[in-house]
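Colleague: Could you take me through this model? I would like to begin with the sheet.

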Amino acid sequence: MKPNNLLIYNTLHRQKELFRPLHEGRVGMYVCGPTVYGDPHLGHARPAITFDLLFRYLTHLGYKVRYVRNITDVGHLEHDADEGDDKIQKKAKLEQLEPMEVAQHYSNRFHQAMEKLNCLPPSIEPHATGHIIEQEELVKEILANGFAYESNGSIYFDVEAYNHKHRYGILSGRNLEDVINHSRDLAGTEEKHNQVDFALWKKAQPEHIMRWPSPWGDGFPGWHCECTAMGRKYLGRQFDIHGGGMDLVFPHHECEIAQAVAAQGEPMVRYWMHNNMITINGQKMGKSLGNFITLFEFFEGTHEKLEQAYSPMTIRFFILQAHYRSTVDFSNEALQASKRGLDRLMEAFATLKRIEARPDGELTTSVAEELERKCYEAMDDDLNSPIVISHLFDACRIINQLADKKAHITPEGLKALRATFRTVTFDILGLRPEADGSNEREESFGGAVDLLLELRAKAKADKDWETSDRIRDVLASLNFEIKDTKDGVTWKLNR
Ligand code: ZN
């Protein structure tokens, strides 16, 4: 385990706090996943990349992280959780598909986009439809504790009763009067005792396809139930981190807190983390604004607002160039600038392989140590990825000086610099060279070749000539040119 000095901003307390997990060496983390009735868009990329960065960093520090991200495949209703049409069902009718076919199709698309963005898959990806029983259990507990009521076959959370005993609004900093004054008076609210009450279980109308039996009749769970029920199932009654986009703070996460406290008498989550939103040319993204761009449209450059295609790594790098709690505005100019920045990093890494070390070099391992220390410091300050990137750019300047022989570095110094640059860029930031890059093939198996050469060096040291010759011959037959120099072994791929 590396020392943990990680400060994260806890939305619940509106301040940065030193991250201390509940269980030694282990972290439980839950992130709200996609609702699968449409192609993944930019709004999906930001939480995915933000919490991938956190997942990668915690893992890098040596924690065993259980990362749970759900798939919302119960078709919830438009407007808020309680009213309007079922979005998955609507799509299914339109495309003449089974609702689960729609959900599967868009889950697959989401996974493809995540893979392209190099977001690691979560440890568990529970589906809401696979956890109806757990959600019903949660509703039963809340009913038994007197914080919910039945009305016409639906179950509603009694916000006033809850607020009387606990406080509703602690996450979003609202009080009940604010919420009442700001809630819209929607049709169908006559079922509720109070317009701020939210559905825990909704009675299914005859035409509703996605429905399940329950003690209260056929219906489907309210949107907020799944994350509380599945978080508790896989991470326990109390767990470390719950994340999502800022747009989920109210009502979704506020309702999650109320449900957990109403059911078990104590909160479930210790650190709430929220990423800020993305705008496009200064505007909110929306279908009616004509700036609703899906991730695949970005990758292929097929949307009319895009001047060109933007690769997944350009999108990832662009998102990492902003702190996750600040807003990000997408524009063609900004993305093109990101592409140039990313190219600079990848070129520097390729250059790093060609640099020749000098035993009498004035630069030593301290260059890498300094880079590592500064990058940790920035990551520990609430995942400050833009500062990490600026330190990598500083390292690029040193690398270019080395390439131009304006500076020289010792063999150990060079080895350490390569390792640190690789760790920060690829392991922590999760960037990777892309298929259209010239050094892509070398990079993707570069680590494997380095490992084979390490094994060869060990075999040689052990006088195991058979193994060392075999490694050299196999690499040679695959067109790798291996050179033993006085400063160590170098390799390149001849095409
Ligand atoms: Zn959620």
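Modeller: Four strands form an open, antiparallel sheet in the order 5-6-7-8. Strands (E, at least two residues) and helices (H or I, at least four) are DSSP runs, numbered from the N terminus. This is a predicted model, in which local features need pLDDT of at least 70 and side-chain atom pairs pLDDT 80 or more, while totals for chains, interfaces and linings use all residues. Residues are numbered from 1 along each chain as its sequence is written, and side-chain values use heavy atoms, without hydrogens and water.

Colleague: Which strands stand at the edges?

Modeller: Strand 5 (148-151) and strand 8 (219-221) do; each has a single partner strand, so one side of each lacks a neighbour in the sheet. Pairing requires at least two DSSP bridges between two strands.

Colleague: How many bridges join strand 5 and strand 6?

Modeller: Four, in the antiparallel sense, with strand 6 covering residues 154-157. Ser154 in strand 6 is the bridge partner of Ser151.

Colleague: Now the helices. At what angle do helix 1 and helix 10 cross?

Modeller: The axes of helix 1 (residues 42-61) and helix 10 (residues 312-320) cross at roughly 70° and come within 10 Å. Axes are lines fitted to C-alpha atoms, for helices over the stretch in contact, and angles run from 0 to 180 degrees between N-to-C directions. Helix 1 is therefore roughly perpendicular to helix 10, a label for angles of 65 to 115 degrees.

Colleague: Which residues of helix 10 meet helix 1?

Modeller: Ile315, Arg316, Ile319 and Leu320 in helix 10 meet residues of helix 1 including Leu42 and Arg46, contact meaning heavy atoms within 4.5 Å.

Methods:
Angles under 35 degrees count as roughly parallel, over 145 as roughly antiparallel, 65 to 115 as roughly perpendicular and the rest as oblique.
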